[in-house]
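I had a model open this morning and wanted to look up a few things in it. My notes follow.

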Amino acid sequence: MAVEVCVKAAVGAPDVLGDCPFCQRVLLTLEEKKIPYKMHLINVDNKPKWFLEVNPEGKVPVIKFDDKWIADSDVVVGIIEEKYPNRPLSPPPQFASVGSKIFPSFVKFLKSKDPSDGSEQALLDELKALDEHLRAHGPYVNGEKICAVDLSLAPKLYHLDVALGHFKGWKIPESLTHVHNYMKLLFLQESFEKTKPAKKYVIAGWEPKVNA
Ligand SMILES: N[C@@H](CCC(=O)N[C@@H](CS)C(=O)NCC(=O)O)C(=O)O
């Protein structure tokens, strides 16, 4: 039986898969483990009553297991791993937090209106650390096989690339070759192609936050 999962609908297109990186992470996990699923697209600007009843906090993603709806992608991915241990995706503990500061650093830089606040450098430092990790251990975070850390990072790097390119004309430096190759590899995965939002929806999703 298919697992039910609530994910964000695209801004301005409630019938199209939207731009939530946490939702894509969960979809990638289901895809990589070949778990059949049924998506409910949630318009987060006009959440359906049934969704708020099962999930009063109102955030996506949420997934239904044993008749209970579970929120938060960290928790959800952990439960999927427990329930579906085949095709194990857990990284070794020493790699579990590789790249974990990239997303908050990206958001800070994206929203920054002060070029001297250090947010660009902070992001560059995180990307350089990832580049060094991949140089030593790549091509994926844990070597030859994709793991849960890659599935968490892939949507975030996609948002970074699309949103910083669009709003700031900014690109990841060419010198970070391992990060560039890593992104190419991730974005070519069939699971990524199948679950990625169109670039215009990523831009539409960030627009109000950038121009707040
Ligand atoms: N920590 C949560 C974050 C989820 C999250 O922030 N979801 C956003 C979409 S990207 C959301 O539901 N926003 C709608 C709202 O807060 O009303 C996770 O990992 O699942």
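**Helix packing**

I started with helix 1 (residues 21-32) and helix 3 (residues 73-83), which pack at an angle of about 5° with axes 10 Å apart. Axes here are lines fitted to C-alpha atoms, for helices over the stretch in contact, and angles run from 0 to 180 degrees between N-to-C directions. So helix 1 is roughly parallel to helix 3, a label for angles under 35 degrees. Helices are DSSP runs (H or I, at least four residues), numbered from the N terminus.

This is a predicted model, where local features need pLDDT of at least 70 and side-chain atom pairs count only at pLDDT 80 or more, while totals for chains, interfaces and linings use all residues. Residues are numbered from 1 along each chain as its sequence is written.

Next I listed who meets whom: Phe22, Arg25, Val26 and Thr29 in helix 1 are in contact with Ser73, Val76, Val77 and Ile80 in helix 3 (C-beta atoms, placed from the backbone, within 7 Å). By class I get 5 nonpolar, 2 polar and 1 charged residues. Ala, Val, Leu, Ile, Met, Phe, Trp, Tyr, Cys and Pro count as nonpolar, Asp, Glu, Lys and Arg as charged, and the others, Gly among them, as polar.

**Domains**

I then looked up domain 1 (3-83) and domain 2 (93-210), with bounds from an automatic or database domain assignment. Their C-alpha centres lie 22 Å apart. I found 15 residues of domain 1 in contact with 18 of domain 2. On the domain 1 side, helix 1 gives the most, with 8 residues.

Methods
Helix = DSSP H or I, 4+ residues; strand = E, 2+ residues; numbered from the N terminus. Parallel < 35°, antiparallel > 145°, perpendicular 65-115°, else oblique. Contact = placed C-beta atoms within 7 Å.
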